[in-house]
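Student: Could you walk me through how to read a few features of a protein model?
Tutor: Gladly; let us look at it together.

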Amino acid sequence: MTTATTQKARDFRGTHTAGRTPEELRELVSHVGAELELAPAENIIEWAVASFGERFCITSSMGDAVLAHLAAKVAPGVDVVFLDTGYHFAETMGTRDAVEATLDVNLITITPVQSVAEQDAAYGKDLYKTDPDLCCKLRKVAPLADSLEQYDAWATGLRRAETHNRVIAPVVGWDAKKGKVKVSPLARWSDEQIEQYIHDNGVLVNPLVYDGYPSIGCWPCTRRVAPGEDPRSGRWAGTNKTECGIHS
């Protein structure tokens, strides 16, 4: 990417781009998706920031800070949206606090409409047991969708290597359900590339990763994974559920 474009990305905090229509966003994606497919992650983020300015954000579940670290280098002050479901491990909340304290990002914590206690009163105790799909919808999918209303594009740490369902995840694609451009700068990264970047840059990692939790979600629905098991087998173990619905 050119020096001018890089500078534009770094100066994005001063931009106030008007929101585009869904048709305009879809058209934009159709032109750049293939072009950016093999681009380095930093260039993909640069393109997104240069294209959308303040109407672009990063989302992070705080399993690690790789995406936030990359984005902070390209566009200091970029919005990083974290969804506090009310069921996170203490280690996840600690990782969020460490990211906010050590990286040049604007960390935004969003929460569901109902507290856990209010949800229990409305739907019965431990909805994650009786109806995990509804629990994810109320505590993850709906709050995130609401928080993204002010953005035209959002970036995720989605990687094709993580699950079979994510093999075809595009680097830049159209999220029809949200009406947003979905950017996955790390989509092509292997586990080894992630580990190398963490090692080379001293990137923050949720300590649970080193305690048998390669994929971290809410504590009631996440268990340790034995060596050799699928890394995501600890999520919603004992059920047919494999995704919370954010990426479906």
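Tutor: We will go from the overall fold to a helix pair, an aromatic pair and one serine. This is a predicted model, where local features need pLDDT of at least 70 and side-chain atom pairs count only at pLDDT 80 or more, while totals for chains, interfaces and linings use all residues. Residues are numbered from 1 along each chain as its sequence is written, and side-chain values use heavy atoms, with hydrogens and water left out.

Student: How many helices and strands does the protein have?
Tutor: Helices (H or I, at least four residues) and strands (E, at least two) are DSSP runs, numbered from the N terminus. Here there are nine helices and six strands.

Student: What share of the residues counts as buried?
Tutor: Buried means under 20% relative accessible area, exposed over 50%, and partly exposed in between, with a 1.4 Å probe and protein chains only. Of the 248 residues in this protein, 49% are buried.

Student: At what angle do the axes of H6 and H8 cross?
Tutor: Axes are lines fitted to C-alpha atoms, for helices over the stretch in contact, and angles run from 0 to 180 degrees between N-to-C directions. Those of H6 (residues 116-123) and H8 (residues 132-147) cross at roughly 140° and come within 12 Å. Angles under 35 degrees count as roughly parallel, over 145 as roughly antiparallel, 65 to 115 as roughly perpendicular and the rest as oblique. H6 and H8 are therefore oblique to each other.

Student: Which residues meet there?
Tutor: Contact means heavy atoms within 4.5 Å. Val116, Gln119 and Tyr123 of H6 meet Leu134, Cys135, Leu138 and Arg139 of H8.

Student: How many aromatic pairs are found in the whole structure?
Tutor: Rings of Phe, Tyr and Trp (its six-membered ring) pair if their centres lie within 6.5 Å; planes under 30 degrees apart count as stacked, over 60 as edge-to-face and the rest as tilted. The search finds six pairs. In one of them, tyrosine 87 and tyrosine 128 have ring centres 5.3 Å apart and planes at 80°, so this pair is edge-to-face. The two tyrosines are 41 residues apart, with tyrosine 87 in the loop between strand S2 (78-83) and helix H5 (90-102) and tyrosine 128 in helix H7 (residues 127-130). Both tyrosine 87 and tyrosine 128 are buried, and Tyr87, Tyr128 and Trp219 form one aromatic cluster.

Student: Is serine 215 buried or exposed?
Tutor: Serine 215 counts as buried, because its relative accessibility is 11%. Serine 215 lies in the segment after helix H9 (191-201). Leaving out residues up to four places away in sequence, serine 215 touches Thr222, Pro231, Arg232 and Arg235.
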